[in-house]
Structure formats: structure tokens, C-alpha cells
Amino acid sequence: MDLKAASAKTAYLILADGTVFKGRSFGCEGEVIGEIVFTTAMTGYEETLTDPSYCGQIVTQTFPLIGNYGVNDEDYESRTSVVSGYIVREYCEVPSNFRCEGDIDSFLKQHNIIGLFGIDTRRLTRIIRETGVMNGMITTCEPTEEFMAQASEKIANYTVGSVVPKVSVKQPETFKSESGKYKVALMDYGYKFNIRRELVKRGCDVTVFPYDTSAEEILKFAPDGIMLSNGPGDPQDNTVSINTLRELIPHKIPTFGICLGHQLLALANGATTVKLKYGHRGGNQPVTDITIDRTFITSQNHGYAVVSDSLPESAGKVSHINGNDKTCEGVQYTNAPAFTVQFHPEACGGPHDTAYLFDKFISLMEENKKCR
Amino acid sequence: MPLRSDIKKVLVIGSGPIVIGQAAEFDYAGTQACRALKAEGLEVVLINSNPATIMTDKHMADKIYIEPLTLDVVKKIIKIEKPDSILSTLGGQTGLTLSMQLAEEGFLAENNVKLLGANPETIHKAEDRQAFKDTMESIGEPCIPSKVVETVEDAMEFAKVIGYPVIVRPAFTLGGTGGGIANDPEELHEIATNGLRLSPITQILVEKCISGWKEIEFEVIRDAKGNVITVCSMENFDPVGVHTGDSIVIAPAVTLADKEYQMLRTAALNIIQALKVEGGCNCQFALKPDSFEYSVIEVNPRVSRSSALASKATGYPIAKVATKIAIGYSLDEIVNQVTGKTYACFEPALDYVVVKFPKWPFDKFVYAKKTLGTQMKATGEIMAIGTSFEEAMMKAVRSIELGMDTMRKKAFITFTDDEVRAKLHDVDVDRSFCVFEALRRGFSVKEICDITTIDKWFVEKLKNLAQLELWLEDGELTQEKYDLAKKYSYLDKTIEKLSGQKLADKGIKTRHAVYKMVDTCAAEFSAETPYFYSTFDEENEAAEFIEQHPTDKKKIIVFGSGPIRIGQGIEFDYCSVHCVWALKEMGYEAIICNNNPETVSTDFDTGDRLYFDPLTFEDVDSLIATEKPYGVVVQFGGQTAIKLTKHLQETGVKILGTSAESIDDAEDREKFDELLEKCEIPRPKGHTVFTTEEALKAAEELGYPVLLRPSYVLGGQNMIIAHCDSDVTEYMTIITATELENPVLIDKYLMGTEVEVDAICDGTDFLIPGIMEHIERAGVHSGDSISVYPCQTLSEKIKNTIITYTERLAKALNVIGLVNIQYVVYNNEVYVIEVNPRSSRTVPYISKVTGVQMVDIATKIMLGESLKDQGYKSGLYPVGDYVAVKVPVFSFEKLHDVDTQLGPEMKSTGEALGIARTFEEALYKGLMAAGFKMFKNGGVMFSVKNSDKPEIIPLAEKFEKLGFELYGTSGTASMLNRNMIATNFTYRIHEDKEPNVISLLESGKINYVVSTSETGRKPALDSVKIRRKSVERSIACLTSVDTANALVKCIAMDKTVDDLEMVDITKI
């Protein structure tokens, strides 16, 4: 923070429980309400900001120095940024990196994102950890008693709501690979570009379908495999998508699900999901693949989890669990050639240690092709 | 996987004496390893020749051998102890190399010993240059174009192919010893020759120089299942070209976007998988600043200095986890101690940044080259934690103990802009300060980056600091300015100094720091780690922690000793740790404050709470405000902690043990003289002077030789022995070049036997665990002398006088706790030279060989338990069955241009101990442990000053009788020949004729050099050049006739390791 930043306009964070943080404004000025979540990732803020799964949320970075290497066009994980607000302890005004095309302050301004810096982000994180995810408001208005009275109701009433339609493509889009060996239907619930890149890299022609594409349409497309993407919000809100998946299961098309995609397939199979106290967000989450007794460090961003016990035995088995809280991190289905994971093997940001799962998906499609 | 059932008894090899490149971090690692093994119920056998370590403490292992770390000794101990396994990866390069040699020889297989941690194949792949390159190539990890060569000619040939500059890296050497950057064939010839000689396998790597690339490190851990994690990333402030041990380092890496970060992280994981390390591993990368191109620089398949830093930076105990993995556990089974509910199989997330700053010995070695390169020169380091880089940097600057509280270095203030610009080109220890000076003067960031190749990010951050200072200096001091300065961790007094205004006058609301927890997880989980750092923010987690953990125990803060440097080494950490243990045992809450990431004291496991912070008045005040302790302990943290005494006392803090007044009485020359007079104890005659004229007059009156030193420091800093007027003039010129606030002391120098005593006093009774006698006569700094316990040559009368004087002094000074006194015995008279009412560097070894736990006893005394209460009688403790000889160890090969001549200023970086039933055997072991080779024949070269000439006659005779060939420079040779000792004549260097002494030293005929010189420490002197040449050629160079006599005695004994008894000190 240089002297200029130190004298930026005062801004506040007001939590649903009435706690007020005084900081300074950056990015876009104004007022915004959202669900406050924190991520512990130390790199990859640009990927975080452009990850559609954060739609409706105010993202807090626990790492104190954000924006060090600037932003660039290549590292976008979606077309734009849909976070509601952004909170950092300190942002870097003069970034340094050979690919840097701009600084984070300008990025936020460009995407109309309201930012707050200069608060004790560790204190905020501890509050969320102890009380669970909470709504909050970033504002440049002084939190007078009068203002607080008005704001608290607004804050309390806020819900992320059904946001998948907001972030999903409106029309199918196709991305060709060099070899075009496989044809994959990517169900877009708010997908991160790197899922597509990983598939294209492996010889898949990927067609991205809107979240509400019917089963019939998918079947007509006759894909070699279906990729269920990540996405924002409460999985149970997505009844249309869940129904579509339920219809697709009996057709035994190789399927790979990530994050929301993982949750939706579980719901389609009769399992239930639950909201976690404060979720898993960061690049350091250990996940054990219990089928091979190996633990991998994964990138994660989710506030809901599949309840392990709720998965019908006839559908499949939990294949991955979280090393910290032992929640469900993956399912191997037995009623269809499908597997899903809660974490992000596509990384970006975060570790690439589980990228092999894309290879597994390719093998699955290959085997299925042979059988046919 | 659980504990392997085939492991019952483990041998742990320590790293030996502290040298540059292998320091206290291995005591920290080794201690964690021993504790982890014992916690599993395994029997632990330990070998380490370094007595100043915590790991060689009685309860650290079941059997402890303080024996030389040579192959023969380790073999002998394996035969005696019959361990089933050996842990190779916790004892630095020394432990790794020994383990590898044992394995390669087949000795381990023959004796059914398993190698844990890294197998020989792993070590070979990582350490042998060609094998490493092949391995990297096989997994597609890029290496720098390079070639392993075994001759200078091949090196020159290859350099022609890849082009200059090239880097030379010798195989199997510590801290890059003997390496360097060569810009042309001539330089390459010199460096390659040197490197080949220093490499134990005569092998060097010649590689393309990639200076200017970013240097990034990853600490990686792998278990036998193949689970891999990275604990921490680190980025060097100084780009490739400066040894990472000499670079300012920030953790985590900051200028890498996720793409580059993950690319290197993945590479690190691929490397550790390919090497199949089971435990910790360090991977160093060079990353081109303007592309994704990178190269693997180096991989260390063991714990290292970087892993100690990473452990302290993250709270993740790498050494402990590595040990558990070595004995069979997997990462997902080892509980993360910090959270208590998660496992070791995760990657720490930081919500702060860490800055490491090296501590260099150049305040001692004024003539040494301060340039930095591939050869590490730092003796120690500090770490600072902050929520911003600026804050961490400011904390680092005042932790490093250079007397600085901003990055503005005094020497640069008077520079012209052009001089600053020119200085920016020097890659030396002051570079960061020079960048800062340039920024204050308004140099553009771009210009600085272009010259230094330091990343813009760092320069911009320093610019923020520079701008803040300019802002403070400009106009009225406001609350806004104050608050921002505090965010950057400026001290109140610095803010006043820069602004030229008093805070109180301006009505500034001042504030203390608050404390945040280091918890490995960025607050994602609640943690119970009692590990904190200060920052200027809202929430005080330490205060919260204290509130949530109510206790009836009284709280005591122990102040540590800061960075390891020459004169204040690991011994003081040993003392601090012991004090903490004693306090805990006595039912107190023990709190540590220190800033050295390498040490045991800063393991969050050691005390009840750890504060990782600078040790200045204001920092300490904040801590006192949060902790509100019952009392504080300063006497175990060396000068660093002692310096705090007066201030603490003034602010009303209870100092446990010897009072501030007593400390002052011992440090203030005049008060000290009065005290001695009162006690009727003689000291060498002396005067205080300010000018060269006064000094010359005083010297004349006292008679040469005289001892000169500044009065404000004890412990031999800037001390010389002057033999003539020109010595005095040279010294006074240097010392008066800087502001002279305190006088220079000039004393008659008595060339007698030096005797040292560490005593414990409770105000009534006193206890001397042992009297130590030095082999070298007074004049060689006590830390550089070979020290013998018990004393060997003193009469009962002299001993009694020493005991009486010690009692008188201890009581007169009202010592409560430890006191160290140095005496000189001259013409049967005992004179006192120095009194330090605090712990000393001999405390650990005397505690170990006498069994008198000095620090524990002293701690109890401070809290009211008298010696009598503890069951000790007043006076000298009965002498035991063993003789212990402490031998200093130097790092001269790392420090170019440092004269190796021993004198009143300390030069050693570490020490080794020899323990045996007889003095001779103990000396033999001590010398061997310190690295002396006992040649049975060969050449000895003499070049001594006139006053030493009579004494070398018997010495030369002894060498001659043993069958050595003798050589001497003109004067020395003719003198020996006159005395019927056949000596070959050589010309002096400046005579430039053959046979010249330099070509003789290069010929390989010489095994020992005895060189003493009349005067001076300027590198240009002939005698200094002879000694430097000896260091370069790895020839043992003895600069004191006394040391030479001791050595020849050992050679004459004609012993081998087979003849020596291995002593398990737990049985003493």
C-alpha cells in the first residue's frame, strides 16, 4: 500500500451480525450485499475473480497481499467476473509480471466490482469460521445508527438464489480439438474455462450446452461423454438440471462431474446435499482417494457437500473424502459409467495434482466406445 | 502405514560444528528428530561432535556420543551400539555424506543397518551432478546447460561451447564452497582449479550462467505411499547469482502468477517422486522473468536451512514429519499438531508474509570482500513476520542487529548520486540498503531494476518505505502519518527522529503492537498454536489466547539471542532453551521471544508461548503490555538480551537474576576498575584514550605489547594486540574513522596462560563447575582458543586464587545466576581480564562434561532456590573422570581475504569437543573433530615472527623427529638451520623467486603450515597471503605456536580410532 492508497475513500463492511469493519474503497465505489466467503489460496486471485461459482458472493482473500502480479486476459476462467464484492487486506498498485496487462484495481472497476481493502481480514475470517457463512454489505456510506437499521434488514434478507441461469451460456458453443477423437457435451452450470481446455487438450471436441438443455437434446447430440461443470449456488435449486441428469443416467453415457456437477448427479441419484458451515475454498485441501489410499492436494470452492450416507447403495460409492473434515469429495457410480468429484481437478487456480482425472474420463470414453 | 516393526534402535548423525552453510538449523532438525523417535518408543543413539547443541543434551537420546564425525568413528559406534537403522537426512550435508559413504562401502548391509529417509540411490541421484542431470532429463525437468568435468582443461573446453559467464559448482561441498562465477577463461582457470581440489570426488559442474533469473524454492515432503505436498514456497529478493543463504528471502513467493507458481510446484512434486525421497526435500528453481522458461538449480534430499525457515514461516514442523515418515508413517496419518484435528497431509496457507534477512560477519572482518556470489557467507539469519512486505522488512532490519531502525544506511547518506548509482552495481551485503538510498533520492524504479535485476515488485515496496520516510520528514507530524508509519512497523523513536518532532508534543496517540497467531491455515481452522507475531492491527489474538487459557502459574519471558554470528552462537540458544525447560519444570509459564528461525528456542513446542519478533526496546514493551509477566530473564540471550536490561528495569519490569546495576558495573570500565580495587584483584594495567597521540603515549608507558579495544563492547570485537607504534596508529586510524563516543581502552598485554571460569552464584554461595585452561596463551580470543577442562597445568595455589577471586567478584557484583570470568596467569600471578555476568559459550560443554546443569541451577536460583536448597556446596565442583577439550572451528574457506591469524578478535564460527580419560586422547579427538588430519609424515612449512622464533625450535625438532620434511621462509629457515634442524629454504612471496613459498604451497608437498606474523591484518601482507593460500589449498595452518605444539603431540601419539574409547556422555 503506498501513500495514495492509504488515503483512498473510506468504506465499510457490515456483517449480518452487526459487526462493522472500517477499511478503504477500491475497484468500484458503491454498495453491495452478498454472502461473505473466504478463500485461503495464496495465488490465483484472477482465477478466483473470474470463477462463476462465486456468483452472489463477496470474496475475502486471507492472503494479505493481492494483485502482486497484476491481471491478464489469458487467465480468465470465464468471460467476466461475477463476484458481488471483493475484500483484501492490501492490493498491489504496481504489479510485476511479464504477462501483466493491468492492475487489480482497474480490473474491478472494469467489471463493476465493489472492493474493500485495509481491513483485518484475519479477524473477518475468524468470525466467519466461528459463526458460519454470513451475509454482509460493503458500502462507502457511514454506518450511522439510522443506516445500520435500514441495512441490517436488507443484509438479513439477502440470498444468493438461483444463479446458475445467470452464468450459463445461452446457446450451445463448440470448441474443436486438434484430433477430434471424442465428442463431449459440457453441461454449463457456470463452467471454468480450464475444464474445457483440459478436455480439448486431450482430443475432445467440446460443445458447451446451456444448463437447461433437455435430455432429449443431449441424446440427439450423441456425445461420447458428458462433462458436468462447476457452478454457483445451492445445488437443490437446480431442479431442471437434476431432472435432466436423472433422465440421462439410464443411457450409460460416460460422465464426469466437477463440484456443482458432482452435487447435481448425486441429487439426481437420490442423495441429499447439505450446506457446510463455511465451506472449502482454497488451494490446499487434502482429498483422499480411498480406492487407492492416496491423498492429493486439491483446489476447492464449494459451500455445499453431498451427504455421504445419503447416496443409495445401488447408485454408487463414495470414492473420495476430505482429509480435514471427512466430507464426501467424490463418487464412483456403479449404475452408470460415471464418476464425480467435489474438488477442482482443472485447478486454475490451485494445484494440478488431480489432473489425471481427465485422463480417467478419456479412458472411460475410450472403453465405452470399444464396448459399443 | 504404521511404525515399521523392524525398527527398534536408530542411529542419528548430527551435523557437527557450526560452519557457514551448516548452522543451528540442524540442531533444530536433529532435536525434533530425536524427540519424534523417542516419542515412538524407539531407542535413539546420537553422534554429534558439537557440544553446544540441544540435541546432545542428556534426555534427547538414549546414548549420546560427542565424538568426531569421521567414517571410522561412526563405524566404531555402529559396531558398539548395533543399531538396526540409521537416519541420514537430519544431519545436514555431513550426516548425508557419511550415511552415503557407509552405504556405498557395504558397511551398512554387512552390519544389518537400514538407511532411513533417503536411500543411497536417492542421494546419488540428487548429489552427483551427472546422475542428477540424467534424472531430471528422464522426467522432462529442464536443467541449465552444464557439464560435469574432472579437469580444468575440460572445464575450459565446455565454457568455450556454452559461452561466458559460467558458474562453477564443486560436487559434494557445503554451501557451495569453492564455487563461483567466471567471466573469462582466466577466472575460470582459477575457480575450476580451486573447486576441483575442494570437491571430495574431484568433480565440478560448469554451467551456463543464468544470473538475473528469479530464484524460487519449494520445500516438499513425500511419504512412502507416494503422497506429496509442498510446505512452502520462497522467493529470493536477489535474483540468481547470489547464494540463497545470502539472499533476502520472502515467503511465500509473491511475483508468480498462479500459472508459474503451479508450474514450479508441479515440477517440485515430480522431482521428489522421481528421487523417491521419503521425508523432506528442497527444490531450487530459476525462472526467467519474461517467460515460462525455468531450470532446476539444485535439489537437497534432506532437511536444510531452507526447511528450517519454511517450518518457522508456516508452523509446519518439517523435521518432525520427515522423521515420522522415515520410520514408516504416511502423511495422512500424522496429526497436524497446530490444529490438533487436521493431518500433516495438507499445505500450509499463510495470511502474512515472512522476510528472512542474512547475518553476515563483516562487522568483524573489516578487510574481507563483502561481495555476494554463489559462495554463502552469512553465519546466521533472522526472520520477520508481517502482514505486509514493508512491515516484515522493517522488522527484519531491526532484528538483524546492525544498529539500524530504517533501511537508510549511514554510510550512504554522504554519497553523491553518482556514487550511489555506481554502488548499485555492486552485488554485496549492502545492496538492499543502497537500493533504498537510491529510492529516497528519487532514482526511478526502472533504473534501479535495470542495474540490479531485482524484481520491480520488491523495489516498488522499498519505494513505499522511502516515500513514507520522506513524508515523515516533510512538514508536521500528524496522527495519519503516525498510523501509517506504525503499519509499516516504524518505531516511535524512529518516527520522532525522521520527523524531527516529538510524538507527545504533537498530541499523537501512540499505540502498542497487537499479536496474531501463526496457525498453518490462515485461520480456516481454530488452532491452539502458542505461536505469535506482532503487527499493528485491530485484534490481539495473544491477549485472547491468554484470557482463554487461565492459569495460576506465574509468567516469565525469556529473551533469546537473535541471529547467530561470530561471538554469539548457538550456545546462547542452548542456554535460553534450558532456562525455558527449567521454568516449565518449576511450574512457571515460560514465554520465549526471539527472531532466529534456525534454532530450537523458536520451535513453538519449546516454551509455553513463542513470540517471533525483533528484540528492541519498543518491540519488547509491546510484548510486556500484552503478557504482563511476573518477571523476565535476560542473562541467557547473549548481548542481544543483556542490552535490554536497563530499559526493562526503567520501565518497571522485574529482571530475574543479576540486576541491571551489576551488569553495568561489569561493563563500565571505570566502575569495573573500582570494583576490582575493592576486591583487591589485579588486572593488567591500562588507560583510556581518545586520540592516536594519547594511545601512543599510553602504549609507551605500558610497554609493548599492548591490547587495544573500544570500551563499549566486550567479547573481543575490534580488539587487537599492538606490538609497535605503527600497529597502534593503524588501529586508531580505523577506529577513529567512525564517530568515537566512547574511549578506546589500552591495556598492557600479558602473554600468560588464559583461564576461564563459569560460575553460578546465589548471593551467598557460589559454585564453579569447572576451571578451564586454554592451550593458546592470552591474546587469542577465548572463543578461538582450545579450551581444556579440567585445567592441566595450574598449581593448587593458583587454582585456589582463582576460586577466591571468583567468589569475591561474584559476590561483589551481586551475581544471581551465571557469571563468566576470564583470567590470565602470568609469572605465577592471577589477573582478571574480563567479567561477564551472564551465560557464556562454554556453559553447554561444561554442563555436559561435569553433569552440572548450570542453566537449570541458575534459573532456579533466580527464582529463589539457593545452591544449598538444590544440594550444592559452595566452591569448586569435584573434578570428574573425563577430560574435555573444546576445539574451535573456522569457516575461512568461505570468507575470502580474511586473515586466519588468530588474535584477540574472535573468528571461529563453531566448535567441536573431544572427550576422553586422558588429556592427550581428548585433544586428539577434539582436533580430529575440528577437521585436523593427523598426517604421519609430509611437509611442514614455517614462517614466523621474530618473537616466536626461539619457540619454534623445539617444535620444528619434534616435527623433524617424526619424519616430516621442513621448509621455511628465509629468516625462519636460516634460524632453524643454525640450530641444527635441517630446513629447506624458500623465498618469500614478494621476493618473486623460486623456490617460492606460494609454489611450494601449491606443490602439494605441504601438510601443515605454521605461520605467525608480526603485525597487521591487511590482505596485502605476505604473511596473510601465505595463510590464505593455505586455506585455499586446504592445508592446516597453525597461527599459534601453542596450537602447533598441541597438534604435534597428537601426531606423535600415533593413535588410530581403534585405540580410542567411545564415550557415551549419558553415562558420565
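## Buried residues in chain A

A residue counts as buried if 20 or more other C-beta atoms, placed from the backbone, lie within 10 Å of its own. By that rule, 58% of the 372 residues in chain A are buried. Keep in mind that this is a predicted model, where local features need pLDDT of at least 70, side-chain atom pairs count only at pLDDT 80 or more, and totals for chains, interfaces and linings use all residues. Residues are numbered from 1 along each chain as its sequence is written, while chains are lettered from A and ligands numbered from 1 in the order in which they are written.

## Two domains

An automatic or database domain assignment divides chain A into domain 1 (3-157) and domain 2 (164-371). Their centres, taken over C-alpha atoms, are separated by 29 Å.

How many residues of domain 1 of chain A are in contact with domain 2 of chain A? There are 23, and they meet 23 residues of domain 2; contact means that the C-beta atoms of two residues, placed from the backbone, lie within 7 Å. On the domain 1 side, strand S3 (32-39) of chain A gives the largest share, 3 residues. Strands are DSSP runs of E, at least two residues long, and helices are runs of H or I, at least four, numbered from the N terminus.

## Where chain B meets chain A

Let's turn to the other chain. The contact takes 51 residues from chain B and 44 residues from chain A. On the chain B side, helix H9 (258-275) and helix H17 (456-473) each give two or more residues, and H17(B) gives the largest share, 7 residues.

Terms used: A residue is buried if 20 or more other C-beta atoms lie within 10 Å of its own, exposed if 12 or fewer, and partly exposed in between; C-beta atoms are placed from the backbone.
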